[in-house]
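Visitor: I would like to learn how to read the features of a structure like this one. Please take me through them in turn.

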Amino acid sequence: PERSTLSDANGLLQSLLNEEASAHELVMLHALSSFVAGMATSLLVAKLFNNNFTAKRKKRTNEGATIEGDDLSLFYGDIDELTTILPSRKFLPEDLYGKMVRDCVVFCVDIILVRKTDDGRRECLLVKRSSEPVKGVWWWPGGRMLKGETFFDAAKRKARQETGLTDVTCVQVLGIWNTFFPTSNWDTATEKGTQTVNAIVLVELNSVGVDVSLDNTSEDCRWISLDPKVAEKNCEDKYVSQGLLRLHSWNPEYHKG
């Protein structure tokens, strides 16, 4: 409709310009000129606004990381008491833990563990899982969160237990994912599978040239690029890709060092 209106107005303008115009017609000519200019300006502004809005929405697709240094902990009481981890919480009886895995949602903390290479770039660690769920899949190091832990506490513990790396700094919580699995390491003949809710924490390795020492939860490890496009090209697991996309949305230049 806008194009039709502009076309009609332009046609009328041409006809008036091709004839001797009276004073009344000159007034009409001026009004039409203003109308055409206004319509053109409005259409241009609308197009620029729509393009800008679309670009912003596209940019925000994978946003969601928290403020750096904030692990989202809220304490309703004495912090030391609330964060004391009793030995009984670390190793649950097998029958109890198996039932929990099969019948409850297990909360886990996984880590994007980042180191700097000799040329200043950043890369992150993947481990090959040795047990279900997703046995044999290259995933983030991580596991069950203990009662009394903050996200950062759990991230540091998983880095220490699963990779042997202790000189680390927790940067931020990148997001929360809800994962569903058809199998678990605690399946029975009649009950199978598990569901976990996972917080991914960005963790930076401070030391240079240190070796990874895996525990029995992993078969192998490797360092990969932080670029989500490279991860997609290499067909990394979708959970890995999701974490890298979130990291890239927080800071598109982070992987460059």
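**Pockets, bridges and backbone**

Guide: Helix H5 (94-103), strand S1 (105-116), strand S2 (122-129), strand S4 (142-144), helix H6 (151-163) and strand S6 (194-205) each contribute at least two residues to the lining of the largest pocket. Helices (H or I, at least four residues) and strands (E, at least two) are DSSP runs, numbered from the N terminus. The model is predicted, so local features need pLDDT of at least 70 and side-chain atom pairs count only at pLDDT 80 or more, while totals for chains, interfaces and linings use all residues. Residues are numbered from 1 along each chain as its sequence is written, and side-chain values use heavy atoms, with hydrogens and water left out.

Visitor: How many residues line the largest pocket, and which lie nearest its centre?

Guide: Rolling a probe the size of a water molecule over the atoms shows where empty space is left. On a 1 Å grid over the protein atoms alone, a cavity is a set of points where a 1.4 Å probe fits but cannot get out, and a pocket is an open set with protein on both sides within 12 Å along at least five of seven lines; lining residues have an atom within 4 Å of a point. Here the largest pocket is lined by 40 residues, with Tyr97, Gly143, Arg144, Lys158 and Thr217 nearest its centre. H6 gives the most to this lining, five residues. The volume of the largest pocket is about 1100 Å³, a volume being the space filled by probe spheres set on the points, with grid points joined across faces, edges and corners.

Visitor: Which residues line the largest cavity?

Guide: Leu226, Leu244, Leu247, His248, Asn251, Pro252, Tyr254 and His255 line the largest cavity, which holds about 40 Å³ of space. The count is one cavity of 30 Å³ or more.

Visitor: How many salt bridges are there in the whole structure?

Guide: A salt bridge is a side-chain nitrogen of Lys or Arg within 4 Å of a carboxyl oxygen of Asp or Glu. The search of the whole structure finds eight. One of them joins Arg102 and Glu191, whose closest N and O atoms are 3.7 Å apart. This pair links distant parts of the chain, 89 residues apart: Arg102 is in helix H5, and Glu191 in the loop between strand S5 (168-181) and S6.

Visitor: Are Glu149 and Arg157 buried or exposed?

Guide: Buried means under 20% relative accessible area, exposed over 50%, partly exposed in between (1.4 Å probe, protein chains only). Glu149 is buried, at 11%, and Arg157 is buried, at 10%. Their salt bridge has its closest N and O atoms 2.5 Å apart. Glu236 and Arg222 also meet in a salt bridge (2.9 Å, N to O). Glu236 lies in the loop between H7 and H8 and Arg222 in strand S7 (residues 218-225), so this pair ties together parts 14 residues apart in sequence. Glu236 is buried, at 11%, whereas Arg222 is partly exposed, at 28%.

Visitor: Which peptide bond is cis?

Guide: Most residues other than glycine have a negative phi, and most peptide bonds are trans. The bond from Glu132 to Pro133 is cis, with omega near 0°. Pro133 is in the loop between S2 and strand S3 (138-139). Val134 is found in the loop between S2 and S3, and its phi is positive, near 50°. Cys235 has a positive phi of about 60°. Cys235 lies in the loop between helix H7 (228-233) and H8 and is exposed, at 68% relative accessibility.
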